[in-house]
Amino acid sequence: MKADILFIADPWETLDHSRDSTLHLGRIAMDEFGARCFWALPGEVFVENGTLFARLEGELSKEATKLIPVSDHGIRPLHSFHSVHWRVDPPVDIRTMRLWSLL
């Protein structure tokens, strides 16, 4: 079974796709380990009935150059991922603290 990895990070449209370290990690995970990598925004992580969920922006394409839409409205529990990687750029603000408290 392939591992699913979730990246919680900046909006896809604002990334420098040729230089972003998070995308580089995703490419390696896909190429070297056959992982499936998914993308979510920090504001799209929420709790329901004591379980953390993320509304996914999409799955990284094989080249990690675009996001592929996901089915089921893109909502998955965080525990369904092998690992969750959160990338945040300064400044730390209330949105950052919200996600810290949820995680």
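The points go from the chain as a whole to single residues.

1. Basis of the note. This is a predicted model, in which local features need pLDDT of at least 70 and side-chain atom pairs count only at pLDDT 80 or more, while totals for chains, interfaces and linings use all residues. Residues are numbered from 1 along each chain as its sequence is written, and side-chain values use heavy atoms, with hydrogens and water left out.

2. Secondary structure. The chain contains two helices and six strands, and the order of these elements from the N terminus is β-α-β-β-β-β-β-α. Here helices (H or I, at least four residues) and strands (E, at least two) are DSSP runs, numbered from the N terminus.

3. Overall dimensions. The radius of gyration of the chain is 13 Å, which agrees with the value near 13 Å for a compact globule of 103 residues; this radius is taken over C-alpha atoms, and the globule rule is 2.2 Å times the number of residues to the power 0.38. Along the principal axes, the C-alpha trace spans about 35 × 35 × 20 Å.

4. Of the 103 residues in the chain, 38% are buried, where buried means under 20% relative accessible area, exposed means over 50%, and partly exposed lies in between (1.4 Å probe, protein chains only). Among contacts with a separation of 6 or more, 59% are between residues 24 or more positions apart, a contact being heavy atoms within 4.5 Å.

5. Surface and charge. Carbon and sulfur atoms hold 56% of the accessible surface, which comes to about 6500 Å² by the Shrake-Rupley method with a 1.4 Å probe. The chain has 11 positive and 15 negative charges, and their mean positions are 2 Å apart; Lys and Arg count as positive and Asp and Glu as negative, whereas His and the chain ends are not counted. Each charge is placed at NZ of Lys, CZ of Arg, CG of Asp or CD of Glu.

6. Glu59. This residue belongs to strand β3 (residues 51-60), and Glu59 counts as buried because its relative accessible area is 18%. Its side chain makes a polar contact of 3.3 Å with that of Arg36, the term meaning a pair of N or O atoms within 3.5 Å, of which, within protein, one must be able to donate a hydrogen and the other to accept it, with residues adjacent in sequence counted only if both atoms are side-chain atoms. Not counting residues up to four places away in sequence, Glu59 also touches several others, among them Cys37, Phe38, Lys66 and Val70.

7. Ala29. Helix α1 (residues 21-33) includes Ala29, which is buried at 9% relative accessibility. Beyond its neighbours within four places in sequence, Ala29 is in contact with Ile5, Gly34, Ala35 and Cys37, and the C-alpha atoms of Ala29 and Asp4 are 9.6 Å apart, although 25 residues separate the two in sequence.

8. Positive phi at two residues. Asn49, in the loop between β2 (36-48) and β3, has a positive phi of about 50° although it is not a glycine, and Asn49 is exposed, with a relative accessible area of 79%. Ala64, in the loop between β3 and β4 (67-68), has a positive phi near 55°, but Ala64 is buried, with a relative accessible area of 0%.

9. His24 and Ala64. His24 lies in helix α1 and is partly exposed, at a relative accessible area of 45%. The C-alpha atoms of His24 and Ala64 are separated by 8.2 Å, with the two residues 40 apart along the chain.
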